[in-house]
Amino acid sequence: MNMSSSVTFEIEDRYMAPFFPKQKISIERGDGVFVWDEEGRRYIDFTSGWGVTCIGHAQPVITEALVKQSRKILQNPNSGLTYSPVRAGLLELMKEVLPSHLTHIFFSSSGAEANDAAIKLARKVTGRLDVISTHQSFHGRTISTASATGQAKHREKFNPLMPNYRFVAYGNPDDLKHALDPDVAAFIVEPVQGEGGVHVPSAQYLKDAERLCRKNGALLIADEVQTGFCRTGPMFVTGEMGVNVDFLTMAKGIAGGFPFGGFAMSEKVAKRLEFGDHGGTYCGNPLGCAVAHAVIKYLIDHRISENVEKMGRICLGRMREWKQRYPDAIQDVRGKGLLLLVEFTGSETATRVADECLLRGLFVRQTQGSGIRVFPALNITEPELSEGLAVMQAAIEAAAG
Ligand SMILES: Cc1ncc(COP(=O)(O)O)c(C=O)c1O
């Protein structure tokens with residue numbers, strides 16, 4: 001069925017729950033970093049579907065994995081009670097790319113689910129209740145992950161949230177040190193804050209967090225939902241830094257657009273868990289496993305880490321030039337790899353720039369009002385990146401130049 005955009009708008013506006021302030025564009029298909037709307041207009045996607053389509057839209061290796069696995073089986077009889085060769089294959093590959101001390105893995109369908117499970121299991125393992133998280137963090141939208149999210153807009157409408165959640169300043173080990181006490185089960189932290197405005201902490205921060213948690217007997221949960229799978233360069237930030245986390249949670253890029261996620265944990269933690277502590281209908285479903293395997297293999301075989309480092313450098317370099325050129329409009333530029341942000345002097349300017357980008361055929365993500373986040377597919381080429389950056393510069397010029 002080929003509907004025109006206006007029909008799609010009307011149906012979605014009528015029946016879709018009103019949680020998103022919609023952009024009036026109906027996307028029909030994609031190819032790499034490009035997408036097309038129902039009228040055939042081409043756009044560049046600098047959001048990769050919010051950090052998800054890490055190896056591009058309509059990626060052939062994903063299509064092939066989907067088709068091949070869907071011809072075999074989608075969901076096992078008795079789900080996780082039975083064995084699956086495709087899940088075993090993914091587990092083996094994950095073991096290769098995860099920090100080596102993380103020995104046991106369980107799959108979910110989203111990032112919030114993975115964080116929720118890690119928090120729940122940390123309580124079981126430590127016999128403690130409290131969870132420390134950071135201001136400006138984002139960990140998901142379930143009631144427990146909203147409770148761990150340090151942003152009022154995601155919390156205050158749902159009070160009372162879950163008890164026993166506390167917050168410390170991001171990037172500040174002293175604050176964490178003072179908050180840790182014998183009631184704390186876990187500290188959950190993003191290695192780079194994404195939704196909170198792309199904040200990169202000092203190189204020492206996570207190491208300090210590990211040391212402080214160990215001393216206190218609390219577990220360290222690294223939320224790598226946004227940073228994992230080469231988004232910032234390395235496969236995992238905590239892996240690159242040699243930080244021994246107890247749980248590492250993941251989603252988004254893991255399956256390039258198929259809803260999938262998971263968490264990995266240390267042997268020490270896994271030994272304290274038993275049958276029935278966790279589960280779920282879809283956890284490690286064969287279709288998701290096949291896609292995740294194809295995506296991770298692509299990331300390795302195509303040395304995507306190197307591309308991210310290179311494209312990230314080029315992109316941040318251009319952003320720094322803009323900061324010099326438009327000092328009245330741009331306050332800061334920052335980020336790591338291909339998780340970058342331009343901070344404008346106010347949210348009105350950022351809104352104008354984002355609108356101008358869209359008018360010119362570029363999707364960007366306005367973040368925390370005054371920021372515009374750039375997080376394209378990790379296999380983006382230099383000409384594609386340059387094309388998108390030229391559009392963004394023209395938008396800045398039009399909105400704030
Ligand atoms: C760091 C982080 N954790 C958790 C989540 C929630 O993941 P999901 O939307 O897959 O539940 C997100 C989503 O943006 C995220 O950025």
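The report below goes through the domains, the core, the ligand shell, a sheet and a few backbone details.

## About the model

This is a predicted model, in which local features need pLDDT of at least 70, side-chain atom pairs count only at pLDDT 80 or more, and totals for chains, interfaces and linings use all residues. Residues are numbered from 1 along each chain as its sequence is written.

Let's start with the overall layout. The protein is divided into domain 1 (5-55 + 303-400) and domain 2 (60-301), with bounds that come from an automatic or database domain assignment. Their C-alpha centres lie 26 Å apart.

Where the domains meet, 25 residues of domain 1 are in contact with 23 residues of domain 2; contact here is C-beta atoms, placed from the backbone, within 7 Å. On the domain 1 side, the elements giving two or more residues are α2 (48-51), α13 (304-325), β11 (330-336), β12 (339-344) and β15 (371-374). Helices (H or I, at least four residues) and strands (E, at least two) are DSSP runs, numbered from the N terminus. The most comes from α13, with 5 residues. By class, this side of domain 1 holds 11 nonpolar, 10 polar and 4 charged residues. In this scheme Ala, Val, Leu, Ile, Met, Phe, Trp, Tyr, Cys and Pro count as nonpolar, Asp, Glu, Lys and Arg as charged, and the others, Gly among them, as polar.

## The largest nonpolar core

The largest nonpolar core has 115 residues, of which F187, L219, I221, V291 and V295 touch the most other members. Helix α12 (residues 286-301) supplies the largest share of this core, 10 residues. Both domain 1 and domain 2 take part, each with at least three residues. A nonpolar core is a set of buried Ala, Val, Leu, Ile, Met, Phe, Trp, Tyr and Cys residues joined through C-beta atoms within 7 Å. A residue is buried if 20 or more other C-beta atoms lie within 10 Å of its own, exposed if 12 or fewer, and partly exposed in between, with C-beta atoms placed from the backbone.

Leaving aside neighbours within four places in sequence, F187 is in contact with I132, L176, A209, C213, A218, L220 and I221.

## Around the ligand

Which residues come nearest to the ligand? Of the 14 residues around the ligand, they are S110, G111, A112, V225 and Q226; a residue counts as near if its C-beta atom, placed from the backbone, lies within 6 Å. Helix α5 (residues 111-126) gives the most to this shell, with 3 residues. The shell has 4 nonpolar, 7 polar and 3 charged residues.

## A four-stranded sheet

An open sheet of 4 strands has the order β1-β2-β3-β13, with mixed pairing. β1 and β13 (362-363) are at the edges with a single partner strand each, so one side of each is left without a neighbour in the sheet. Two strands pair if DSSP finds at least two bridges between them.

Strand β1 (residues 27-31) and strand β2 (residues 34-37) pair antiparallel over 4 bridges, and I27 stands opposite D37. These two strands form a hairpin with 2 residues between them, where G32 in the turn has a positive phi of about 65°. β2 is also joined to strand β3 (residues 42-45) by 3 bridges, again antiparallel, with V35 opposite Y43. That hairpin has 4 residues between the strands, and G40 takes a positive phi near 90°. β3 and β13 pair in the parallel sense over 2 bridges, with I44 opposite L362.

## Backbone details worth a look

Most residues other than glycine have a negative phi, and most peptide bonds are trans. W50, in helix α2, has a positive phi of about 70° although it is not a glycine. W50 is partly exposed, with 13 other C-beta atoms within 10 Å. N78, in the loop between α3 (60-72) and α4 (85-97), has a positive phi of about 60°. N78 counts as exposed because it has 7 C-beta neighbours inside 10 Å.

A cis peptide bond joins N159 and P160, with omega about -5°. P160 sits in the loop between α7 (152-155) and β6 (165-168).

Methods: Two residues are in contact if their C-beta atoms, placed from the backbone, lie within 7 Å.
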